[in-house]
Amino acid sequence: MQLVVARIGRAHGIKGEVTVEVRTDEPELRLAPGAVLATDPASTGPLTIETGRVHSGRLLLRFAGVKDRNGAEALRGTVLIAEIDPEELPEGKDEYYDHQLIDLDVVTEDGTEVGRITEISHLPSQDLFIVERPDGSEVLIPFVEEIVTEIDLAEQKAVVAPPPGLMDLAARGDAAADGRGAGSGAGDEGA
């Protein structure tokens, strides 16, 4: 199974290093020297990490065969993908890979069906579950401990305690988008 672990940013210096936007909770494992990563676009890879270091709070990587700034700049925007065993689990107790969460049923603490997780959106401030409701509409649920109170992989469900208005806000947004109403908070679902 493939797991997106980083996105290459701009070149750093003149010796082939690049900045990376880390997209894994395990960079020391996934982005270690010697790691061979697939890429998107596929034509730029696979890439083998030669060195890695932190500079001013940013991870810098150098790849085998990339020796100068031009070579590094040519990689800008490339997504780095690690191949992992589908049975592998993250190290932390409350950590999950996206593939473990996709298709989980979402219910409230009182058992009310909300829908099914169709996608995970990774934002700088927090992750969001994109949940398809039974009627086909979507609701965005922040993946934070206060709202997502339980993930039960054995039962294939996520239990949520949405704050007042979270589900209503999505309904108002859907109505406004369909021309059925003018919800003033229609664009606030992810806020």
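Residues are numbered from 1 along each chain as its sequence is written, and side-chain values use heavy atoms, with hydrogens and water left out. Because the model is predicted, local features need pLDDT of at least 70 and side-chain atom pairs count only at pLDDT 80 or more, whereas totals for chains, interfaces and linings use all residues.

**View 1. The largest nonpolar core.** This core, a set of buried Ala, Val, Leu, Ile, Met, Phe, Trp, Tyr and Cys residues joined through side-chain atoms within 4.5 Å, has 22 residues, and those with the most contacts inside it are Ile8, Leu31, Leu61, Phe63 and Leu80.

**View 2. Isoleucine 147 and the second core.** A second, separate core of 17 residues includes Val106, Val131, Ile147 and Val148. Isoleucine 147, in the loop between β10 (138-142) and β11 (148-152), counts as buried (under 20% relative accessible area, 1.4 Å probe, protein chains only) at 10% relative accessibility.

**View 3. Two cis peptide bonds.** Aspartate 40 and proline 41 are joined by a cis peptide bond with omega of about 10°, and glycine 45 and proline 46 by another with omega of about 0°. Proline 46 is found in the loop between β3 and β4.

**View 4. Serine 56 in a loop.** Serine 56, in the loop between β4 and β5, has a positive phi of about 50° although it is not a glycine. Its relative accessible area is 67%, so serine 56 is exposed (over 50%).

How values were computed:
Helix = DSSP H or I, 4+ residues; strand = E, 2+ residues; numbered from the N terminus.
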